[in-house]
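My notes follow the display.

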Amino acid sequence: MSGKVSAFKDRSKPGEIRNSNITAAKAVANAIRTSLGPRGMDKMIQSGSGDVTITNDGATILKEIQVIHPAARMLVELSKAQDIEAGDGTTSVVVLAGSLLNASQTLLTKGIHPTTISEAFQRAADRATKLLEEMSVPVDLSDRESLLKSATTALGSKVVSQYSSQLAPIAVDAVLKVIDPKTASNVDLHDVKVVRKLGGTVEDTELVEGLVLEQKASHAAGGLSRVEKAKIGLIQFCISPPKTDMDNQVIVNDYSQMDRILKEEKQYILNICKTIKKSGCNVLLIQKSILRDAVNDMALHYLAKLKILVVRDIEREDIEFISRTLGCRPIASLDHFLPEHLGSADLVDEVSIGSSKVVKVTGCHANSHTVSILVRGSNKLVLEEAERSLHDALCVIRCLVKNRALIAGGGAPEIELSQRLMEYAQTVKGMESYCIRGFAESLEVIPLTLAENAGLNPIAVVTELRQKHAEGQRTAGINVRKGTITDILEENVVQPLLVSVSAIRLASECVRSILKIDDIVNAR
């Protein structure tokens, strides 16, 4: 008898674990639910070191939050996956997953087996993907207007949304310049370098066809600050007296030896500078060196005399981008300093920006398909948020390059899917029908949250939306600005198909894996 009782007791454990997992994951989803949509609230995140971040980008919030529960951590990974796949919709995907978990909790209490729910959710997600593709409108990359609409919609929910008219064209132009619109199937965002500079406002953000270096030009000994018809050399060796790798001491016992050492050093540096000048180079970029000074004052003095503009302390990770943009090769030793390894540009100019300076290189002759964006902001928080928002806008355009189709925004596709899946559930037999209905209902969380965050009556709005969609208005959505329901395509609220498809696919995958877990075991 006692054996039976213990077996009976253990049987409730998987259910409890599942409930605890679902509750933890729902808590994460509820934490960022308020920051969905254009009227969403922002979160202020303070790190342990006292750094403050203000953002309403789901992926950023979840990345900064300290999550201990392993199931809740799956939702953090989920938003990261959406950020990598689509770049936008990181909040929506987590809110959607939370809603699906809620639906599955209700289904579990009805006694439906987790595997049945999981398989039905998979079917519903596949069906939803097909329906979304049917609803989408194809877009051509030469149609700049459509691309601008998508970028503006993506920027609409950000802290810097009032500047979306300036940032959207920058994002669109940047992506179109780094790809060939006819053949491209993806965009490498490493070809777009974003440089942040404090000062000015977000309006002063600009797109530079060429290169922006955060380092200042060296003005020691009257160095230049502007060079036209530049021949640019990028060096990875040091222009300073050689040192041995080990610690060494040179003992000098009279002045003539001291003089000889200094003379040799001078001669050594002068030789390097003359070789550089001989190759026709008039702009020199010097990589940062850890072991010794990459360039000393004497070298700067000679280079200034030879009319060579010097920019030093170039970071190692920027080397690849710089050599691609300028069409030059990084030169590791003086013997390889040859004219064919130099890059060329029409103008290298040092520009004052706010309280600091940057070096702009424009008119690069190499057909490199790279651009730089100079982001400005009045304080650090705005500057960082502007950079994140711009990244999201670039990702949205990248989505359109990958999958050239648009759908309406404003909760319209979710309500349409919800109704179509309800109809589909009627045709399915058995328990699956319940589960697909649960999936369909949980899609309504997006328009519901949009309405809630905009201060509208969520129940009234969603009911009216359902009615409009039942009458066949497939693009009716919530117009947050006017607080009513309108045809959302006329309001230019559009989003790439890829964002919604990947959100539904990733959210249902995550929920299925949480449902499949029936025990948590601590490893030693």
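Below is what I looked up, topic by topic.

I am working with a predicted model, where local features need pLDDT of at least 70, side-chain atom pairs count only at pLDDT 80 or more, and totals for chains, interfaces and linings use all residues. Residues are numbered from 1 along each chain as its sequence is written, and side-chain values use heavy atoms, with hydrogens and water left out.

Cysteines. I looked for disulfides (pairs of cysteine sulfur atoms within 2.5 Å) and the structure holds 0. For Cys281 the closest cysteine sulfur is in Cys328, 9.8 Å away, which is too far for a bond. Cys281 has a relative accessible area of 1% and is buried (under 20% relative accessible area, with a 1.4 Å probe and protein chains only). The sulfur of Cys435 has its closest cysteine sulfur in Cys510, at 18 Å, again too far for a bond. Cys435 is also buried, at 0% relative accessibility.

Open sheet. I noted that strands (DSSP runs of E, at least two residues, numbered from the N terminus) pair if DSSP finds at least two bridges between them. An open sheet has 3 strands in the order β3-β14-β17, with antiparallel pairing. β3 (137–138) and β17 (494–496) are at the edges; each has a single partner strand, so one side of each lacks a neighbour in the sheet. β14 (residues 405–408) pairs with β17 over 3 bridges, and Ile407 lies opposite Gln495 in β17.

Parallel pair. I found β8 (residues 283–287) and β9 (residues 309–314) running parallel, joined by 4 bridges. Val283 is opposite Leu309 in β9.

Technical notes: Buried means under 20% relative accessible area, exposed over 50%, partly exposed in between (1.4 Å probe, protein chains only).
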